[in-house]
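Please follow this explanation with the sequence and the model open side by side. It goes from one part of the fold to the next.

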Amino acid sequence: MKKFRKVLDGLTTSSPANPGGSPACGSAAGTPSTAPTPRELEIQETLMSEHFQICKTVRHGVPYQPTALAFDPVQKILAIGSRSGGVRLLGRPGVDCHCQHESGAAVLQLQFLINEGALVTACADDTLHLWNLRQRRPAILHSLKFNRERITFCHLPFQSKWLYVGTERGNTHIVNIESFILSGYVIMWNKAIELSTKTHPGPVVHLSDSPKDEGKLLIGFESGTIVMWDLRAKRTDFRIYYDEAIHSASWHHEGRQFMCSHSDGSLSMWNLRNTAKPFQVTFPHGKTQRDGRKESCKPILKVEYKTSRNSSEAFVVFSGGLSYDKAGRRPTLTIMHGKAITVLEMDYPIVDFLVLCETPYINEVQEPYAVVVLLEKDFVVVDLTQSNFPIFENPYPMDIHESPVTCTAYFADCPPDIIPVLYSIGAKHKKTGYSHKEWPVSGGTWTVGSQTYPEIIITGHADGSIKFWDATAITLQMLYKLKTSKVFEKPKSGDVGRSAELVEEDPYAVQMISWCPQSRILCVVGISAHVILYRFSKHDASTTITSLEVRLQCEMEDVISPSDTENTPSFSDPSGHSPQPQPPSPRSNTPDSMRDSIPCLKVKDRMIRMPPGYQAELVVQLLWVDGEPPQQITSLDLNSAYGLLALGNCNGLTVVDYLQKTILLCMSTLELYGSADPFQRLTRSPRKNRQSTSGLTELSDNQVSLDLERSKSPTSDHVNGHCTSPTSQPCLTGRARVPGGPEGPRLARRGPGRPPFRKAQSAACMEVSLPVSSLTEESRENSFSRSRSSSVSSIDRETKEAVTTLQFAESYGRKSDTLPTPCLWVGTSLGLVLIIPMSIPTDEQERLEDPVTVAPTGTVLMLKGSILRIGFLDCGGALINSPYEVWRDQHAPDHPDRPRKRKLVNFSPSSSQEASGDGHLAVVCSERQAKVFFMPSQACLYVHNITESSFVLRADVVSVCNSVCLACFCANGHIMTLSLPSLRPLLDVNYLPLTDMRIARTFCFTNGGQALYLCSPTEIQRITYSQEMCDNLQEMLGELFTPIETPEAQNRGFLKGFFGGNAQTFDREELFGEAAAGKASRSLAQHIPGQGGMEGMKAAAGGVVGELARARIALDERGQRLGELEERTALMMTSAETFSKHAHELMLKCKDKKWYQF
């Protein structure tokens, strides 16, 4: 427990020495404070470094770029491998585990050790890995690296410890699963084919043992050669040479015939009695042409041949095989049952599929009941037991990427009633037609942990949709989906050109989300410079959507001097800021130079029926000005208690009263300062004097040297709505800056000209490089913001100051204030913070009629770097939550006894004098620095330079372990936490290298020590930085393995076994063991022990490898004891011989003596 004290006497106008070199923290126009300040600020900080640890918790979504699929029919666990070396293990809902190969090599194939709690993975780096699944965090126990051959196919027979491995050279090796060592038994390709064959058969593409005789191995080569190898006799039973390449093969359960799929779209059936030619060849999708030839078809990549008791006809399931002439047809899965052929079209290409059967024994009737289909970006399961083959409703969130994710928001400890309400509304819009049977992948066990609280994740998408997800207790389930595009008119066919020019394909893409869980008000920022405000209602309603149009761009004739802004007016009259001329229709095809005062999208102006859920109430749109499109919105905040909405971009700030549907404030950032501008800038039109510079221009004044530090940051990149480094690549110039006098700073920065909107890039698909110092044009183009023109290098370099963060709060607008009032804190890209006090009527009726007064005071605080986050603490160090309005359903029927009134929380200026008259702390974090100020004196209490070589992308003030800290995520991949208010570093871990903007756009912290980011275009990764949660993670995760007895094999009966040839068993140990086959060449493969070492062996106790390890330990102990026993026996024998010798000598000596001679 450590106490931090800071004496505040005399610190009313300036801060202590600033190590960052920034100007003194204080109000340029303030007066000495008369507000009561405590003699001593005493805050007990409880957070220590041992409270923090970084750990991944769970991953949601379909694996990105999947490559392989496997299923354990007894444990009912599914495994999916990916190109990046990941393995996803799925069971019943809640049983979801992600494993990663350190090499990052693609997973080629997966093989379960059925009902043993183990998994073999074959990777593209020619390495086999054995995973232990009997622990909640699976670990690698053994690895086997092939040095001279490439692995192409693997096969592990049921209840066998010998794994068959086919290679690119056509050889087949055998691996002991227990020891993970190669056997000396090898099936060489030149022995498998005839000596007279002149060509190489190609890589091994199929391996399977005969259901009739386990001693026979079917080997399929890519060229079309098929060999039945007799493992006992070490020779071939038969060879088949087929003209078409083979992709897969599948046995009939009786072992008399098998089916092959070929590259020409055909299926061939072979009988073991006559292997000279196939007894049946079919082209399922190939029609006979007029000339008698079959039309060419695509390859059938995989086929499975399964029998059923209830039908004499077998199921034949295959992928591919469509004719080439059907261009544009979607990928298909074909199910043939007798003469019936069903073609199931898929949304994405098929990667792999598996037919799920009732029995694990290949020599029994298979009884297929489902087909698991792995697609490139989805995962579906088809019910085979119903004639229409419906799909199962997927309990996993595999549609996160239905439209590319562009932003995320994470809310922990939400009101408990919000999740059931959202679920009940969203359930009405769910799809129907699913199978009524239970989800077949039902393995593992999972229980809700004791430490759970409601969590909600919100994702914004490129098509304008918003999805609410229930993220409670490491699960993820979609609650509700909202489409923001329904607010706007659909573009007509003749107007497609203009829309495409502005935003190309995604005019509705979501950039930012602001949600108040208590009042259930949602604000959505779109890429077309619009904000939509939604209210939640359980009732449907018919209403019109109010549209406000904002001209947030400087005019040609505007010239402002410092004297003009000294007397800042009170902006209570909204009419002065609303556009006066009636804007023309956004659909008018006017040239760029003529477009003025028109929005990018047209809001529906008619009565709209809105279903229960989130209903649009207000749309705020920025307008074109003089042929230049509006700049994208970079910051947003909403306060339901105040009834206000604030938004900002690189041109200025707008404050909207959404209760009265009026615009309260619309000013450029420079105008907000008035005479308090620390740079003493003047403004004039950039169109009259545009300069073209080739690089960053240094500022000549020492007072603003902070910008030189930030010039190392990458280009102006809107990350989660924040312009992370506008000094390097700012937003659109709206007003130029000129020196304020002979000694005034020269401020000339670069900025694009008129940037048309570009396509809304998904947060999942942007790949950028993040250099530290300078950027090439190519790297700028690939950088954070995709909303700028490519002509950055040749057009004017002057810029405006962007608004990067906004925060409503009960605070002090002036040093002389004695009581907190509603304020708006504005953070900018130059590291400046402005405080704008507001006067809001407290009476409900007055609030709806009287205007809200907004009066910028010129109060300025300064930091290094663009401002990212602003938070507030009371004098005890506790987090101050913003005031909010309790939710009420505006469309609910009126109750005469209970009139609906606004109920506000934490908003009572008259009654809060005692509680908050002592002031509070303001925490401000920029991309370089964090500072803690005491209000109202504006004294800077603590300063911490977060990073010098990188910059902060995301910062949040969060609650952890009943305390508060500042969490930061940097561009160099470091995750840091700082204590509050002292800003002591508590955690600094190099967790994640930032390789593309997907992570930067979607990374967000939340309370409880949790965070998330989009780790791939299709997956969300949740992490924790709390030691307590890391300790409880084992309890929260599901168990992958549950002890289940292996089903017994069916008794085939005497007659069937006599005439049908009962399955023959043989001892593989006799053939493949070291005693019979010898040792394999050491240079062929290298055994690598698992990194878990003895811990892994202990964790694997009870499994296949664990049993072997225990047996070996027992044998060693037994041998040692036998050795000790042998030594003791030898000693006893020696002692007995000595005793016998002495006894004999004594007998000889004494035999002639009389008794009286002794």
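What follows starts with a sheet and the helix on it, then turns to cores, single residues and another sheet. The model is predicted.

Begin with the open sheet of four strands in the order β31-β32-β33-β34, where the pairing is antiparallel. Its edge strands are β31 (405-412) and β34, each of which pairs on one side only. From one strand to the next, the twist averages 20°. Inside the sheet, β32 and β33 are joined by five bridges in the antiparallel sense. At this pairing, isoleucine 457 stands opposite tryptophan 469 in β33. Helix α2 packs on the sheet and touches β32, β33 and β34, and its direction makes about 65° with that of β34.

The next pair along is β33 and β34, antiparallel over six bridges. Here tryptophan 469 stands opposite methionine 478 in β34. The two strands form a hairpin with six residues between them, and in it alanine 473 takes a positive phi near 55°. Strands of a sheet pair through backbone hydrogen bonds, either parallel or antiparallel.

Now look at the helix itself. Helix α2 spans residues 418-427, and its buried residues are Ile418, Ile419, Val421, Leu422, Ile425 and Gly426. Seen down the axis of α2, these buried residues fall within an arc of 165°, so they line one face of the helix. The cover over them includes β32 (455-461), β33 (465-470) and β34 (477-483), and also β35 (510-516), β37 (530-537) and β41 (613-622).

Leucine 479 has its place in strand β34. With a relative accessible area of 3%, leucine 479 is buried, because buried means under 20%. Not counting residues up to four places away in sequence, leucine 479 touches Ile419, Leu422, Tyr423 and Gly426, together with Phe468, Trp469 and Asp470. Leucine 479 and lysine 467 are 12 residues apart in sequence, and their C-alpha atoms are 7.5 Å apart in space.

In soluble globular proteins, nonpolar side chains tend to be buried together. In this model the largest nonpolar core has 35 residues, and those with the most contacts inside it are Phe468, Trp515 and Tyr614. Helix α2 gives the most to this core, with five residues.

Is serine 635 buried or exposed? At 2% relative accessibility, serine 635 counts as buried. The side chain of serine 635 reaches the backbone oxygen of valine 803 at 3.1 Å.

Finally, turn to an open sheet of four strands in the order β20-β21-β22-β23, again with antiparallel pairing. The edge strands here are β20 (246-251) and β23 (280-282), and each pairs on one side only. With direction ignored, neighbouring strands of this sheet are turned by 20° against each other on average. Strand β20 runs antiparallel to β21 (residues 257-262), and five bridges join them. Across this pairing, alanine 249 stands opposite cysteine 260 in β21.

Notes:
Residues numbered from 1 in each chain as written. Predicted model: local features only at pLDDT ≥ 70, side-chain atom pairs only at ≥ 80, totals over all residues. Heavy atoms only, no water. Buried < 20%, exposed > 50% of the residue type's maximum accessible area, 1.4 Å probe, protein only. Arc of directions from axis to C-beta. Contact = heavy atoms within 4.5 Å. Pairing = 2+ DSSP bridges. Axes fitted to C-alpha atoms, helices over the stretch in contact; angles between N-to-C directions. Core = buried A, V, L, I, M, F, W, Y, C linked by side-chain atoms within 4.5 Å. Polar contact = N/O pair within 3.5 Å; in protein donor to acceptor, adjacent residues only side chain to side chain.
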